[in-house]
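Mentor: Let us read this model one feature at a time. Ask where a thing lies and how it is defined.

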Amino acid sequence: MSRFFSEKFASLTPYTPGEQPRERKFIKLNTNESPFQPSAKAIAAAAEAAENLQLYSDPTCKRLTEKVAERYEISPDEVILVNGSDEVLNFAFMAFCDKRHPAVFPDITYGFYEVFAELHNIPYEKIPLREDFSVGVEDYIGIHKTIFIANPNAPTGMTISPADVERILQSNPDNVVVIDEAYVDFGGESCVPLTRKYDNLLVTQTFSKSRSLAGARLGFGIGSKALIADLHTIRYSTNPYNVNSMTLAAGYGVLCDEAYTQKNCQTVCENRAFAMAELKKLDFEMTDSKANFIFAKHPVLDGGELYAKLKERGILVRHFEKPRIREYNRITVGTREQMQALVDAVRQILEENR
Ligand code: PMP
């Protein structure tokens, strides 16, 4: 820390992203990226947009906003596009949380929520997930705080139903409820339709997972016109050109190729079922994941040790050295070949451990 660093941030522990090694080629199952290349339409559109990079990007993101609105059957003023859904989550903490509206989220969830709360000096509460790692919906009924729930949750992949989200919304009418749907396209049920009915609901999604654009950094928020206007106020007060022109073009391209996205999601779901069945044969316990990752622990093999041994064999998974989940590893679902390589490596490791 330099002697110039504001004391506001002196005790901040930043978010730790998953490893992105460049020095060695790993089978990368650690950051929930898509194993598939972006749609050819997205690649071509981004290349074409590169020819005009001397110009600023469109701060209203008009064309893509309209396309997203059309896809989700809402109006363009109910959408905000952002530089990865992390950005809209950050904006939501800024816009909808303060001392009168503290934040609340599960103890085991996406680690960035706590970082954003700390960053903006927002009081917050973490509610323990139930013993089986499910979100205890009753805990959020009438809590009167700004609620952040990842659905499917990370790193468990477990879901709550839109009916339960609706109960949370109804019982907290004066607080915003943020439903983070980064992983919804792999078998979850979206709460976007509820945004028509509840003015306190913000749904966030990303192009990073099901749409293979993690490197482009593109996400969006959907909510009532007034909520979205608040988020634009924050956006225009931080970075009006938050989404670059190549990314805007790539996002448009990928939305013109929904069949490709659907096919990839289906393949990921099949590969998830395959890998889970194989890991089960090796005695792993897993949560009921509806995301593009598996959350698994072995009765004998330590979570940290499995992570390290897989890494030695060129397979990267994500291990969180955190209470309640240190026995687990989060394994991104990749191609069938990658899943087979994972299962083979795990089998070898278990045999060596005998
Ligand atoms: N929400 C959850 C639950 C996530 O796991 C992630 C990805 N790490 C994000 C949001 C952010 O994704 P992105 O910024 O790439 O859209």
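**Loops, ligand and spaces**

Mentor: Pro152 lies in the loop between β5 (146–150) and α5 (162–171). Such labels are DSSP runs, numbered from the N terminus: helices are H or I with at least four residues, strands are E with at least two. This is a predicted model, in which local features need pLDDT of at least 70 and side-chain atom pairs pLDDT 80 or more, while totals for chains, interfaces and linings use all residues. Residues are numbered from 1 along each chain as its sequence is written, and side-chain values use heavy atoms, without hydrogens and water.

Trainee: What kind of peptide bond joins Asn151 and Pro152?

Mentor: Read omega. The bond between Asn151 and Pro152 is cis, with omega about 0 degrees. Ala154 and Pro155 are also joined by a cis peptide bond, with omega about 5 degrees. Pro155 is found in the loop between β5 and α5.

Trainee: What is the phi of Cys61?

Mentor: Phi of Cys61 is near 50 degrees, a positive value in a residue other than glycine. Cys61 is placed in the loop between α1 (40–50) and α2 (62–72).

Trainee: Which residues are around the ligand?

Mentor: A residue counts if one of its heavy atoms lies within 4 Å of the molecule. Here the shell consists of Gly84, Ser85, Asp86, Leu89, Tyr110, Asp180, Ala182, Tyr183, Thr206, Ser208, Lys209 and Arg217. Helix α3 (residues 85–96) gives the most to this shell, with 3 residues. The shell divides into 4 nonpolar, 4 polar and 4 charged residues. In this scheme Ala, Val, Leu, Ile, Met, Phe, Trp, Tyr, Cys and Pro are nonpolar, Asp, Glu, Lys and Arg charged, and the others, Gly among them, polar.

Trainee: Which atom of Ser85 lies 2.6 Å from an oxygen atom of the ligand?

Mentor: Look for polar contacts, pairs of N or O atoms within 3.5 Å. For Ser85, a backbone N or O atom lies 2.6 Å from a ligand oxygen. An N or O atom in the side chain of Tyr183 is 2.6 Å from an oxygen atom of the ligand, and one in the side chain of Tyr110 is 3.4 Å from a ligand nitrogen.

Trainee: Where does the ligand sit?

Mentor: The ligand sits in the largest pocket, the test being that more than half of its atoms lie within 2 Å of the grid points. On a 1 Å grid over the protein atoms alone, a pocket is an open set with protein on both sides within 12 Å along at least five of seven lines, a cavity is where a 1.4 Å probe fits but cannot get out, and lining residues have an atom within 4 Å of a point.

Trainee: What is the volume of the largest pocket?

Mentor: Its volume is about 1300 Å³, counted as the space filled by probe spheres set on points joined across faces, edges and corners. Of the 50 lining residues, Tyr15, Thr16, Tyr110, Gly111 and Arg318 are the closest to the pocket's centre. Elements giving two or more residues are α3, β3 (103–106), α4 (112–119) and β4 (124–127). The largest share, 4 residues, comes from α4. By class, the pocket lining has 21 nonpolar, 15 polar and 14 charged residues.

Trainee: How many cavities of 30 Å³ or more does the structure hold?

Mentor: The structure holds 1. About 50 Å³ of space lies in the largest cavity. Its lining includes Glu33, Phe186, Lys209 and Asn292.

Methods: Polar contact = N/O pair within 3.5 Å; in protein donor to acceptor, adjacent residues only side chain to side chain.
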